[in-house]
Amino acid sequence: MGGELSKRWNLSLRVIEGIPVDRARVRITLTYDVTDRLRVGLEANPKDEDYGLLVNYRVWDETDVRPALIVGTSSDRIGTPSGRAYYATFSKDLEAWTGLPIAPYVGTAFGEYEDAFELVGGMVVRWSKRLVSTHVWDGHNLHHMLDYFVDDWRIGVVVAEQGSEHYVGGSVGFRF
């Protein structure tokens, strides 16, 4: 995101009904882009009456050679029944170097539930202007999201891993 922000609010809903963690079954977020570097908001996990603050701040932008640094907070990883997570990640769009529309990231997250730091990482793949997949390693499990963008809407499928089991859900988001 760069320049003037004309649409600053983001509302999203994720549902993974079969997952064995109440907090992960329904997640609603409302965020506001304060600047093109700072996003703040609220997260509601109503199946477990869990609510929290969301913050995502880009400390510095990526350059031709340096990755971006992003810090923030959200609920702890998807398989935990409670707690907050605090993270710092480096991300870099590698399309200019590789010709592939990929942007990996790596970092660390401190999770309150296990009171421990985890190595986290993942990759975004831009299959087309409208179709994007995100693959997330949360320190314990691998999750996949496939999102399709139409104007200000995002419609997605989520595959969340919990141990040896996989749970499929859906998501929808709107930017205004």
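**Loops, salt bridges and a patch**

Reader: Where does D115 lie?

Author: D115 lies in the loop between strand 7 (102-111) and strand 8 (116-126). Keep in mind that this is a predicted model.

Reader: Is D115 buried or exposed, and why?

Author: D115 counts as exposed because its relative accessibility is 59%, and the cut-off for exposed is over 50%.

Reader: What about phi of D115?

Author: Phi of D115 is near 50°, a positive value in a residue other than glycine. Most residues other than glycine have a negative phi.

Reader: And E49, what is its phi?

Author: E49 has a positive phi of about 50°, although it is not a glycine. E49 sits in the loop between strand 3 (38-45) and strand 4 (50-60). With 66% relative accessibility, E49 counts as exposed.

Reader: New topic. How many salt bridges does the structure hold?

Author: The structure holds 15 salt bridges. One of them joins D33 and R175, with the closest N and O atoms 2.8 Å apart.

Reader: Which parts does that pair tie together?

Author: D33 lies in strand 2 and R175 in strand 12 (residues 165-175), so the pair ties together parts that are 142 residues apart in sequence.

Reader: Is D33 buried or exposed?

Author: D33 counts as buried, at 1% relative accessibility.

Reader: Which residue does R84 form a salt bridge with?

Author: R84 pairs with E43, and their closest N and O atoms are 3.8 Å apart. R84 is in strand 6 (residues 84-91) and E43 in strand 3, so this bridge ties together parts 41 residues apart in sequence. Both R84 and E43 are buried. R27, E43 and R84 are linked in a network of salt bridges.

Reader: What does S74 touch?

Author: Leaving aside residues up to four places away in sequence, S74 touches R27, E43, L53, L54, R84, A85 and Y87. S74 is in strand 5 (residues 68-75), and at 16% relative accessibility S74 counts as buried.

Reader: Back to the surface. Which residues form the nonpolar patch?

Author: The patch on the surface is formed by W9, L11, L13, I28, L30 and F176, with about 480 Å² of accessible area together.

Reader: Which strand gives the largest share?

Author: Strand 1 does, with three residues. Strand 1 (9-15) and strand 2 (26-33) each supply at least two residues of the patch.

Reader: Where is L30, and how exposed?

Author: L30 lies in strand 2. L30 is partly exposed, with a relative accessible area of 34%.

Methods: Residues numbered from 1 in each chain as written. Predicted model: local features only at pLDDT ≥ 70, side-chain atom pairs only at ≥ 80, totals over all residues. Heavy atoms only, no water. Helix = DSSP H or I, 4+ residues; strand = E, 2+ residues; numbered from the N terminus. Buried < 20%, exposed > 50% of the residue type's maximum accessible area, 1.4 Å probe, protein only. Contact = heavy atoms within 4.5 Å. Patch = residues over 30% accessible without salt bridge, like charges linked within 9 Å, V, L, I, M, F, W, Y side chains within 5 Å. Areas by Shrake-Rupley, 256 points an atom, 1.4 Å probe, with all protein chains shown as cover. Salt bridge = Lys/Arg side-chain N within 4 Å of Asp/Glu carboxyl O.
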